[in-house]
Amino acid sequence: MHIHTAVGIGDYFNLSQSNIMNLESVLRDPRYRDTTFVMIHGGYPLEREAVWLAAMKNVYLDSSFGELAQYPSAFKDTLKMWLETFPDKITFGTDCFPYNQVLGAEESYWLGAQSSRMALAAALAEMISENEITEVRALELAHGYLHDNAVKLYQGRVQ
Amino acid sequence: MNQIIFVAWAAVSLFFFVSSAGAQARPFPGPDVQQIYQRLLPQIEKIPAFDHHAHPGFADDPDVDAMAAPPDASEALRTRDDNPELIAAAKALFGYPYTDLSPEHAKWLVAKKAEVKKENPGTAYFNLILDKINTESSVANRAMMPDYLDAKRFPWVFFADSFMWPFNNERETGRNPDEGVFIPLQEKMLHRWMQQESVTKLPVKFDDYLEFIVRVLADNRKKGGIAMKFEVAYFRPTTFSDPTRDQAKDIYRSTSRAAFPARKSTALFKITSSASSSASEVA
């Protein structure tokens with residue numbers, strides 16, 4: 001089950017009432033132990049709190065929109081914090097959308113993918129430089145975030 | 001001699017310092033961080049991605065999302081369509097030769113895309129876009145799937161919020177201009193699920209309504225749906241109480257024709273969540 005967890009479009013979107021942490025009681029409900037929850041947009045702008053929800057076995061965080069709402073220099077910090085916490089519970093997404101008849105989902109896809117890859121490289125470079133991980137481990141984490149973590153989620157139902 | 005011993009000692013110390021550098025993390029990146037970045041980026045660009053959340057489609061396709069942006073909604077700086085980075089995207093994808101998007105230059109881009117579409121008919125066009133950005137597959141979070149997206153590369157995530165709105169929603173629709181756009185779209189989506197299941201009228205009994213939801217979820221799964229998505233925060237607070245099934249029945253019975261009281265969507269969020277496991281079993 002995917003749940004939108006971020007600021008939303010429109011000027012009446014109620015930020016305080018849509019706080020991702022409000023969902024904790026649902027996520028921790030033992031009746032949903034066998035349901036996999038993916039927090040789409042990773043709770044943005046509360047991504048620091050949100051990552052600890054991924055401590056639950058059946059909860060994952062999706063980073064889409066964060067890479068569009070923020071420039072890579074800021075999104076790098078989000079990714080770094082997530083990679084340092086639950087790197088196997090995070091997924092990459094672009095949240096691409098057709099803007100208008102001229103600029104479509106195509107450009108949006110490109111921007112999301114480019115921004116994420118740049119921010120990911122920057123986050124991992126800092127982690128290597130700060131002696132947190134080796135370069136080999138960094139590339140394993142990159143594969144996980146960009147591809148493997150999401151594919152594992154769907155157990156053979158996606159390629 | 002002393003000098004030789006000192007040099008040897010220094011060399012050994014340096015060796016141990018370097019070889020144990022990975023053991024203790026430090027609070028700041030070193031001067032090597034840019035070099036590491038330059039080394040990593042090309043390797044990361046070569047990793048085929050799985051895009052876990054996207055809304056692919058053409059701008060004139062109403063099924064790209066179950067929602068729509070309300071008119072005059074504020075946009076953050078980078079998500080505005082005048083973001084110059086989008087010109088860089090057009091250059092990278094289509095060889096766009098200009099540095100602005102003036103109406104005259106924009107015509108070039110529209111014509112170029114039409115040309116590429118013609119050369120890559122059907123599902124080939126968006127497959128080509130994925131290839132260009134080194135994305136193996138991309139989730140398509142859409143109202144419905146179109147015939148121009150390849151189901152093998154664009155697994156479907158459908159929307160489930162409409163199940164929370166089987167009532168007279170006038171009061172919620174009138175709450176603010178945004179809900180005036182959002183809620184009618186949910187009513188429309190629910191109607192489409194009814195059409196899918198050949199249901200002309202919503203069931204009077206709660207149990208039958210639940211059975212209808214289970215059927216929709218199971219059929220969507222058979223059609224390739226890999227997950228369902230809630231955007232519940234657009235409609236109501238994300239705090240949920242825990243009504244019993246009997247309370248849910250009462251809510252359904254008492255509000256099916258009356259104005260929908262705020263926050264009673266809790267019951268329908270919870271039952272749709274529960275229905276997802278029933279749907280998995282059915283599918």
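Two residues are in contact here if their C-beta atoms, placed from the backbone, lie within 7 Å.

What you see is a predicted model, in which local features need pLDDT of at least 70, side-chain atom pairs count only at pLDDT 80 or more, and totals for chains, interfaces and linings use all residues. Residues are numbered from 1 along each chain as its sequence is written, while chains are lettered from A and ligands numbered from 1 in the order in which they are written.

Chain A to begin with. Its pattern along the sequence reads β-α-β-α-β-α-α-β-α-α, giving six helices and four strands; helices (H or I, at least four residues) and strands (E, at least two) are DSSP runs, numbered from the N terminus. The C-alpha atoms of chain A fill a box of roughly 45 × 40 × 35 Å along the principal axes. Of its 159 residues, 55% are buried, that is, with 20 or more other C-beta atoms within 10 Å of their own; exposed means 12 or fewer, and partly exposed lies in between. Among contacts in chain A between residues at least 6 apart in sequence, 61% join residues at least 24 apart.

Now the proline, in chain B. B:Pro48 sits in the loop between helix 2 (33-45) and strand 1 (49-51) of chain B. Why does B:Pro48 count as partly exposed? Because 13 other C-beta atoms are within 10 Å.

Which residues does B:Pro48 contact, leaving aside neighbours within four places in sequence? They are A:His147, B:Asn134, B:Thr135 and B:Glu136.
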